[in-house]
Amino acid sequence: MTGGGSRATAARDAHDDERYDATPFLPERGGLPAHRRAAADCRGCPLHRYATGTVFGRGPAHARLMLVGEQPGDREDQEGKAFVGPAGRLLSKALREAGIDEEDAYLTNAVKHFKFTEEPTRKRRIHKAPSPREALACRPWLLAELRLVSPAVVVTLGATAGRALLGPSFRVGTDRGVPRPLPAQGPDGGSVDGVRVLPTVHPSAVLRAPDRKQMYEGLVADLRTAAGVLEDTAG
Ligand code: URA
Ligand code: SF4
């Protein structure tokens, strides 16, 4: 029955050929405000169809510290602001304990639209991890933020952000807590010379962890390491 098989293959190929890429939506010039405005209309992958809106990064335009999460959550999607829900509250607390002023940091996400499944009986939207393809599609926005903010230190929170900047072989479990140079990010990445990356766990993972206290302490310790690297790079 090759007919049915090839039709199925054709359908799958059509789907695979649909291009997931934010690049056509990026402005050719302009700073963060221009990028924020343009990102509001991004249709670089299917996630924009279901979410309320794009959640772009926030914070000082030339922050020396940039924090990269996974994607906006339910609250972030409703308010249009990164890290304002439960994970954001935990992150704020951890930053304070690590001696980092949140106001000094640029906070963003690897993926700019909330991905979720509906649970009609409970009227809840359940967070769903973005696919590697969606994360790759959204990466041009992250690279633009990296180029424009030009931080000295980037903290990646969780696997999605870690992979976005350190490559597909990145593993939180083994790679977290150790500062390293930011690898070259391709043509859109701008100059990354001297930028240090400190990968750590995601605050949402801390909220879900059975050993929450220990994992939280680990997050704070990693943020302290990031603060130390920041001091070392101050000049
Ligand atoms: N989790 C994230 O990764 N980012 C947010 O902005 C909120 C929750
Ligand atoms: Fe564009 Fe990123 Fe939203 Fe996909 S998730 S539509 S690439 S902003």
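How many nonpolar, polar and charged residues does the shell around ligand 1 have, by class? Four are nonpolar, five polar and two charged, where Ala, Val, Leu, Ile, Met, Phe, Trp, Tyr, Cys and Pro count as nonpolar, Asp, Glu, Lys and Arg as charged, and the others, Gly among them, as polar.

This is a predicted model, with local features needing pLDDT of at least 70 and side-chain atom pairs counting only at pLDDT 80 or more, while totals for chains, interfaces and linings use all residues. Residues are numbered from 1 along each chain as its sequence is written, ligands are numbered from 1 in the order in which they are written, and side-chain values use heavy atoms, leaving out hydrogens and water.

Among the residues surrounding ligand 1 are Gly-69, Gln-71, Pro-72, Glu-76, Ala-82 and His-202; to be listed, a residue needs a heavy atom within 4 Å of the ligand. Here are its polar contacts (pairs of N or O atoms within 3.5 Å):

| Residue | Protein atom | Ligand 1 atom | Distance |
|---|---|---|---|
| Glu-70 | backbone N or O | oxygen | 2.8 Å |
| Phe-83 | backbone N or O | oxygen | 2.9 Å |
| Asn-109 | polar side-chain atom | nitrogen | 2.7 Å |

Taken alone, ligand 1 exposes 240 Å², and the protein buries 95% of that (Shrake-Rupley method, 1.4 Å probe).

So what space does ligand 1 take? That would be the largest pocket, on the test that more than half of the ligand's atoms lie within 2 Å of the pocket's grid points. By class, eleven nonpolar, nine polar and seven charged residues make up the lining of this largest pocket.

Terms used: A polar contact is a pair of N or O atoms within 3.5 Å; within protein, one must be able to donate a hydrogen and the other to accept it, and residues adjacent in sequence count only if both atoms are side-chain atoms. On a 1 Å grid over the protein atoms alone, a cavity is a set of points where a 1.4 Å probe fits but cannot get out, and a pocket is an open set with protein on both sides within 12 Å along at least five of seven lines; lining residues have an atom within 4 Å of a point.
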